[in-house]
Amino acid sequence: MRCAAFTVTTHGIELAEKLRAAGIGSVDVFVKEGKPAPDDAKHYSRLDDVVGDAFFRYDALIFFSALGISVRLIAPHLQSKLLDPAVVVVDDQARYAISLLSGHVGGANALTYQIAGALKARPIVTTATDVNRLIAPDVIATELGLKPYPKSMIERINSSLLAHRPIYYYIDKSFTRAEFFRQKLGERSIGSELVTVEEAVSTKELGVFITPKALPVCENLMYLRPRRLIAGIGCRRGVPEEEIKSALAAACELIGQEISAVSLIASTIVKADEEGIIALADHLQIPTRFFKNEELEKTIEEYDLDQSDFVRSKIGVGNVCGAAAISCVERGVFALEKTKFKKVTVALVWEK
């Protein structure tokens with residue numbers, strides 16, 4: 001998860017650096033001009049300007065400030081609980097870490113607990129299902145790479161959970177990944193039933209249906225459909241398919257997924273004739289996209305991605321896998337930032 005940490009005070013800078021040292025995702029620290037700051041800090045003169053720029057460039061925004069300041073700063077940029085980034089607020093003494101926005105789909109609640117643990121703060125999570133220790137389907141969706149639809153059903157399902165009414169989970173039996181999702185639900189002590197589409201949409205009970213199909217809205221069902229998982233891949237020339245496949249499988253395992261979850265492979269145009277990448281895409285029966293270096297440079301600048309001088313000297317651009325992956329989607333969140341596997345680098349991006 002790419003995080004932007006906005007600081008106001010000197011102590012806030014120290015807390016942001018402590019959080020970064022804890023290794024919770026990657027954290028870019030924003031510091032007001034004129035204040036002592038780490039060498040790689042990003043400086044701002046007006047906080048509202050940089051927050052607006054960062055709102056959809058980062059997966060999460062962390063404010064080391066008063067709660068009211070953060071509310072006013074993010075208010076003009078809010079769009080939807082399915083698109084907004086996670087927002088967490090930490091006070092200047094790190095007494096509290098508060099989940100402010102996009103607690104379920106954006107992952108702010110989970111991030112709040114991580115931040116609280118790293119800073120020895122008290123986590124404040126106010127989502128009704130969480131405080132009642134209930135597992136909401138939109139939380140499950142985020143954890144498993146699924147997207148809830150329609151959005152209006154989220155409130156209805158969660159309200160039923162709070163009223164202690166049963167929620168039934170169904171999985172499309174024709175889905176090639178049905179057993180994977182059945183196993184993952186079982187790990188959360190959630191029972192599920194493999195059914196046909198016809199059986200699911202005819203149910204009279206309020207339920208959740210995991211399916212890859214785009215189906216009409218059904219009165220009693222929330223659909224959880226797989227989000228596209230984009231794999232950005234960089235590799236040395238001549239790396240065989242099996243080595244690239246092994247790296248991609250390991251990357252998917254790091255986020256709790258199977259390689260079959262990958263929807264598309266992306267890279268630089270320099271790798272458009274890379275036999276190992278082409279063979280792997282053919283084997284997985286998924287498309288490829290190869291971007292011109294000018295396109296990758298634009299994405300690197302837009303998302304302020306880290307760059308490697310070595311990669312630039314070889315390819316002509318300083319970031320391949322991360323930039324290629326995020327270039328494939330209009331809105332995305334990094335499931336895995338650039339990770340090295342011997343001769344292969346992989347980044348994974350979920351489409352929002």
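Modeller: In what follows, buried means under 20% relative accessible area, exposed means over 50%, and partly exposed lies in between, with a 1.4 Å probe and protein chains only. This is a predicted model, in which local features need pLDDT of at least 70 and side-chain atom pairs count only at pLDDT 80 or more, while totals for chains, interfaces and linings use all residues. Residues are numbered from 1 along each chain as its sequence is written, and side-chain values use heavy atoms, with hydrogens and water left out.

Biologist: Asparagine 293, then: buried or exposed?

Modeller: Asparagine 293 counts as buried, at 16% relative accessibility. Its place is in helix H12, residues 293–303. Helices (H or I, at least four residues) and strands (E, at least two) are DSSP runs, numbered from the N terminus.

Biologist: Which residues does asparagine 293 touch?

Modeller: Leaving aside residues up to four places away in sequence, asparagine 293 touches Thr268, Val270, Ile315, Gly316 and Val317. Contact here means heavy atoms within 4.5 Å.

Biologist: And histidine 77, where is that?

Modeller: Histidine 77 lies in the loop between helix H3 (67–74) and strand E5 (86–90). With a relative accessible area of 24%, histidine 77 is partly exposed.

Biologist: What does histidine 77 touch?

Modeller: Gly52, Phe55, Phe56 and Asp84, again not counting residues up to four places away in sequence. Glycine 117, by comparison, is 40 residues from histidine 77 in sequence and 29 Å from it in space, C-alpha to C-alpha.

Biologist: Let us turn to the sheets. What is the strand order in the open sheet of seven strands?

Modeller: The order is E3-E2-E1-E4-E5-E6-E7, with mixed pairing. Two strands pair if DSSP finds at least two bridges between them. Strand E3 (42–44) and strand E7 (122–124) stand at the edges with a single partner strand each, so one side of each has no neighbour in the sheet. From one strand to the next, the twist averages 25°. Such angles run from 0 to 180 degrees between N-to-C directions, and axes are lines fitted to C-alpha atoms, for helices over the stretch in contact.

Biologist: In what sense do strands E1 and E2 pair?

Modeller: Strand E1 (residues 2–7) and strand E2 (residues 26–32) pair in the parallel sense, over five bridges. Within that pair, valine 27 in E2 is the bridge partner of cysteine 3.

Biologist: How do E5 and E6 run, and how many bridges join them?

Modeller: E5 and E6 run antiparallel and are joined by four bridges, with valine 90 opposite alanine 97 in E6. The two strands form a hairpin with five residues between them, and alanine 94 in the turn has a positive phi of about 55°. E6 and E7, in turn, run parallel, with three bridges. Helix H3 lies across strand E4 (60–64), E5 and strand E6 (96–101), at about 20° to E6.

Biologist: Which strands stand at the edges of the five-stranded sheet?

Modeller: That open sheet has the order E15-E14-E13-E17-E16, with mixed pairing. Its edges are strand E15 (288–291) and strand E16 (332–341), each with a single partner strand, so one side of each is left without a neighbour in the sheet. Inside the sheet, strand E13 (residues 229–235) and strand E17 (residues 344–351) run antiparallel and are joined by seven bridges. Helix H10 (residues 241–254) packs on this sheet, touching E13, strand E14 (262–268), E16 and E17, and its direction makes about 45° with that of E17.

Biologist: Last topic: at what angle do helices H1 and H4 pack?

Modeller: Helix H1 (residues 10–21) and helix H4 (residues 108–119) pack at about 105°, with their axes 9 Å apart. They are therefore roughly perpendicular to each other. Under 35 degrees counts as roughly parallel, over 145 as roughly antiparallel, 65 to 115 as roughly perpendicular and the rest as oblique.

Biologist: Which residues of H1 and H4 meet?

Modeller: Leu15, Lys18 and Leu19 in H1 meet Ile115, Ala118 and Leu119 in H4. These contact residues divide into five nonpolar, no polar and one charged. Ala, Val, Leu, Ile, Met, Phe, Trp, Tyr, Cys and Pro count as nonpolar, Asp, Glu, Lys and Arg as charged, and the others, Gly among them, as polar.
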